[in-house]
Amino acid sequence: EAMAGQQQPEAYLAELLLWSALVGYSWSLYRRLQGIISRRARDRQDSATARAEQRAKAEFLARISHEIRTPMNGMLGMIDLTLDTRLTDEQHRNLSMVRSSALSLLTVLNDILDFSKIEVGKLDIEWIPFDIRGLMTDILSGFVVTANQKGLQLNHTVVSDVPEVVVSDPGRIRQILINLIGNAIKFTEAGKVEVTVALAND
C-alpha cells in the first residue's frame, strides 16, 4: 500500500500484474492489492475535488467582498471629506462614530475573506508602520454607544514607553481588538471594559 501511494494507480496496477505473473502471487492477494489501488485513486479524486471546492469558495468570497468594499470605501471617502468641513463638536463626534462603524464592517468582511484564505493557505501578513495610539482611539470610538447603552465604562490606556509608531499589521490588530472588545462588552453586565497596550517583557 505504501508503494501504491508513490505511483499513479494505472502504472502501479500494470506493474502489479507483471509481478503477479513472475512470482506467482495468489489471485486473492492480487484482488486485495487491486482494491488498494482503486481506493487510492478515489482518494486522489476526492482530494482534487475538495481543493477545487475550496478555490471556488475563496474566489466567490473575494468577489462578494470586492462588491461590498467598493461602496463602503466610497462612503468612507465622503465621511472623511465631511469631517474636514466646519462641523459642531457633536456632529464631528457622531460622524467619527459612523466612520469607525464603517471600518468595523470592513473588518468583518476581512474576517470572512481571511477564513477562505486560511483554507487555501494564502493568508498574508503585512508589516507596515502605523500609529498605535490613533488606532486604539479609532477602534474604541466605535464601541462607545454600545457600552453606554449597557451602562459600562469603556477605557483604554497606552503605556508611556510604547513607541508612537510601531511596525505590524494594523488590519489584523484591528480585527483582533474589535473581536475582543466586542465580546468583552457583550459578556460584561456591569462595571467597565478596559484595554491596555504595553510592551511585552523579553
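Is R174 buried or exposed in this predicted model? With a relative accessibility of 13%, R174 counts as buried, where buried means under 20% relative accessible area, exposed means over 50%, and partly exposed lies in between, using a 1.4 Å probe and protein chains only.

This is a predicted model, in which local features need a pLDDT of at least 70 and side-chain atom pairs count only at pLDDT 80 or more, while totals for chains, interfaces and linings use all residues. Residues are numbered from 1 along each chain as its sequence is written, and side-chain values use heavy atoms, with hydrogens and water left out.

## The chain as a whole

The protein chain contains six helices and four strands, and from the N terminus on these elements follow the order α-α-α-β-α-α-β-β-α-β. Helices (H or I, at least four residues) and strands (E, at least two) are DSSP runs, numbered from the N terminus. Of the 202 residues in the protein chain, 28% are buried. The protein chain exposes about 13,500 Å², and carbon and sulfur atoms supply 58% of that area; accessible areas come from the Shrake-Rupley method with a 1.4 Å probe, and for residues only the protein chains shown count as cover.

A contact means heavy atoms within 4.5 Å. Among the contacts in the protein chain with a separation of 6 or more, 81% come from residues 24 or more positions apart.

The average pLDDT of the protein chain is 76, and 70% of the residues score at least 70, pLDDT being the predictor's confidence in each residue, from 0 to 100. Over residues 1–7 the pLDDT is below 50, and this stretch has 14 contacts in the model beyond near neighbours in sequence.

R174 belongs to helix α6, which covers residues 170–187. Leaving aside neighbours within four places in sequence, R174 is in contact with L103, T107, L135, D138 and I139. Apart from neighbours within four places in sequence, D138 is in contact with R99, S100, L103 and R174.

Helix α4 is largely enclosed by the rest of the structure, because seven of its 10 residues are buried. These buried residues are I132, R133, L135, M136, D138, I139 and L140. In helix α6, the buried residues are P170, R172, R174, Q175, L177, I178, I181 and I185. At 1.5 Å a residue, the 18 residues of α6 should span 26 Å, and the end C-alpha atoms of α6 are 25 Å apart, which agrees; the expected span is 1.5 Å times one less than the number of residues in the helix.

## Nonpolar cores

In soluble globular proteins, nonpolar side chains tend to be buried together. A nonpolar core is here a set of buried Ala, Val, Leu, Ile, Met, Phe, Trp, Tyr and Cys residues joined through side-chain atoms within 4.5 Å. The largest nonpolar core has 19 residues, of which I132, M136, I139, F143, I181, I185 and V197 touch the most other members. At least two residues of this core come from each of α4 (132–141), α6 and β4 (192–197), and α4 gives the most, with five residues. Not counting residues up to four places away in sequence, V197 touches I132, M136, T157, V158, V159 and V162. A second, separate core of six residues includes L76, A102, L103 and L109.

## Two exposed loop residues

S160 is found in the loop between β2 (153–158) and β3 (165–168), and S160 is exposed, with a relative accessible area of 71%. The C-alpha atoms of S160 and A198 are separated by 8.3 Å, although these residues are 38 residues apart along the chain.

D124 lies in the loop between α3 (89–119) and β1 (128–131) and, at 55% relative accessibility, counts as exposed. Leaving aside neighbours within four places in sequence, D124 is in contact with D169 and R172. The C-alpha atoms of D124 and D169, 45 residues apart along the chain, are separated by 9.8 Å.
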